[in-house]
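This report describes selected local features of one chain. Please consult the sequence and the structure shown here.

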Amino acid sequence: MRLHIGGHYWNYSEPRTIHWEGHAIDGVCIRSPRREIRVSRRLKGRTKAETQLHELTHAVNFSSSEQWVTTFSSAATALCYSGGVGLCKTRDRPSGAEVLRQVLFHALRIGRHDLDDDHHLQTVADDLTRALLRLGWRQTRK
Ligand SMILES: [Zn+2]
């Protein structure tokens, strides 16, 4: 699947196993030789959702800090699930976009208050929202 993130196309795949420097890992975001995001097919539910957002956050290139990306993706996933939006198996009509946009935008604002650029933050939040909807994030309760 191709995802458009941060002005670039990324190839998204879910292989059975992902190895990095001799260890099995849940996900990875690679810039070269071509842009790729891989998330382990063995992950399920919320763990998979958080890993997806984690790797997408690397792709938007918003912070080079692994700890920042980990904290942001964990917190934003928790808020989305609290708001009734999460990764679903069904590929029905997109829903939950507004919750995703708002949670991501405001989590970015808090996390990167130093940027003080709401327009840019909204662009990043919109990018992430579109990608998550393509990956199957949906409203889980009405
Ligand atoms: Zn990471």
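## The first hairpin

Strand S1 (residues 2–5) runs antiparallel to strand S2 (residues 8–13), and four bridges join the two. Helices (H or I, at least four residues) and strands (E, at least two) are DSSP runs, numbered from the N terminus; two strands pair if DSSP finds at least two bridges between them. The model is predicted: local features need pLDDT of at least 70, side-chain atom pairs count only at pLDDT 80 or more, and totals for chains, interfaces and linings use all residues. Residues are numbered from 1 along each chain as its sequence is written.

A residue is buried if 20 or more other C-beta atoms, placed from the backbone, lie within 10 Å of its own, exposed if 12 or fewer, and partly exposed in between. Leu3 has Trp10 of S2 as its bridge partner. Two residues separate the strands of this hairpin, where Gly6 takes a positive phi near 60°.

## Helix H4

The buried residues of H4 (residues 118–134) include Leu121, Val124, Asp127 and Leu132. The buried residues of H4 pack against S1, helix H1 (45–60), helix H3 (97–111) and strand S8 (137–139), where contact requires C-beta atoms, placed from the backbone, within 7 Å.

## Backbone exceptions

Most residues other than glycine have a negative phi, and most peptide bonds are trans. The bond from Ser32 to Pro33 is cis, with omega near 10°. Glu21 has a positive phi near 50° and counts as exposed because it has 5 C-beta neighbours inside 10 Å.

Conventions
Expected span 1.5 Å × (residues − 1). Contact = placed C-beta atoms within 7 Å.
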